[in-house]
Amino acid sequence: MLIARSTFDQLEASFVSDEAGFRVGTVEVRLDPLEFVRSAHSYASPAVYFGRPGEAEIGAIGSAWEAQVSSGEGRLARLTEQIPNAADARFVLGYSFSQDGPSGEEWSNYGPARLVLPQAAVVRDGGSTKLIVATRAGDEQAVLAILRRLKRPGFTTRRHAADRSIESTPPPGDWMQAVEETVAAIDGGAFEKVVLARSVIVTSDVASDPFDLAGRLRSGYPGCFTYAWESGEDAFVGASPELLAEVRGDGVLSEPLAGTTARGEGDDHDRLLGEQLMASTKNRHEHRLVIEDISKRLAPLTSEIAVPTTPTLRRMANVQHLSTSIRGTLLPGRGLLNVVEAMHPTPAGGGSPTSDAVAMIEKMEQIDRGWYSGGIGWTTAGGDGQVAVALRCALLRGAQARLFAGAGIVSGSIPQLELDETRLKFGPMLSLLTEA
């Protein structure tokens, strides 16, 4: 049994009705949010995990309430208008790169934006872990019945594929040609930066479990935000190094990344690569475009904002990035969804100027990004929350995984080096999916 019987007594006694018409019960537990979802995801949809070790983590199943907005400008602001004031509850959030939403059939279970109040969620934050159950009046026992059936997940023996194929979309040569054409447009003054993405499709005879992948990503890349959103037969899984926005009270934090190199072989080589990245005119220019854009977008929402003059070096397990922590104080009445609406897409995921770069992406890319380089995270009705840029990811359907990665193209970009950068970014997920 995953949850002790005494916990259910406390939970049932804690239920309160709120003004939004929900019954919400909350109890302290000793559960891993990811382990909870691994146990429960077969009972309710969607099933979602999001978090970074040592910070907030949420594992959630089911939908007590959900808003899905149609495509178009202001989609996240429209979610803000709909969100019910469910006491103590946390909502999970995901949205696509394009404001018009995904167009490919492979993304049919996702949409332009989804905001879900889970029926049951384990939330680890601020030194405590809570089980939160939210239902409409009269539905409490049905959700509790599911929770009573949960068992602690045992060790899973992974089946390794006997056969697999890997296909690049578009082919590497075609993608490098697109990079070359984009650099020419940039040098001609059309843009300052355009992020071009590509995809790798891995097909095998073994379907991957999304929450098993999430567990291995969380262990292998603890500095990243690990996420898995299972909807129907599909799952969107990844480990993103980039925090788009975090809101706590009136404080807002963004940690954009732009400028990438590999990790070195040994400390001296690693340090040399990091120093070369910090000294790179091309990468510092790319990073500056992102920082200036985000600062400009946050300014109307804040009473003050602090932007360091020099980036820091952020070392992940397989890559190094230039990073800057931007902090501000929000004006009254602003929350996470207001911030995300204003910031997305940043030049780190789209380009600069934004509208022109996005138009170039639509012209040059041969893939449907879907939720890749969109956002994923959580929020409260009061406006606190976290959203990470949905990077280093794969869309799973059966035994097929569709991986995504991109590179920021600026003046001076060399197509082969940009292709190598995308290969670095494919690395974490591709290595898990192609283990012998």
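What is the volume of the largest pocket? The largest pocket has a volume of about 610 Å³, a pocket being an open set of points on a 1 Å grid, where a 1.4 Å probe fits, with protein on both sides within 12 Å along at least five of seven lines, and a volume being the space filled by probe spheres set on the points. This is a predicted model, in which local features need pLDDT of at least 70 and side-chain atom pairs count only at pLDDT 80 or more, while totals for chains, interfaces and linings use all residues. Residues are numbered from 1 along each chain, and side-chain values use heavy atoms, without hydrogens and water.

**Pocket lining**
- The lining comprises 27 residues, of which Phe 97, Ser 98, Gln 99, Val 358 and Glu 362 lie nearest the pocket's centre; lining residues have an atom within 4 Å of a point.
- Helix 10 gives the most to this lining, with 6 residues, helices being DSSP runs (H or I) of at least four residues and strands runs (E) of at least two.

**Salt bridges**
- The count comes to 26 salt bridges, each a side-chain nitrogen of Lys or Arg within 4 Å of a carboxyl oxygen of Asp or Glu.
- Asp 234 and Arg 397 meet in a salt bridge at 2.8 Å, N to O, and this pair links strand 13 with strand 24, 163 residues apart.
- Asp 234 is buried at 1% relative accessibility, whereas Arg 397 is partly exposed at 31% (buried means under 20% relative accessible area, exposed over 50%, partly exposed in between, with a 1.4 Å probe and protein chains only).
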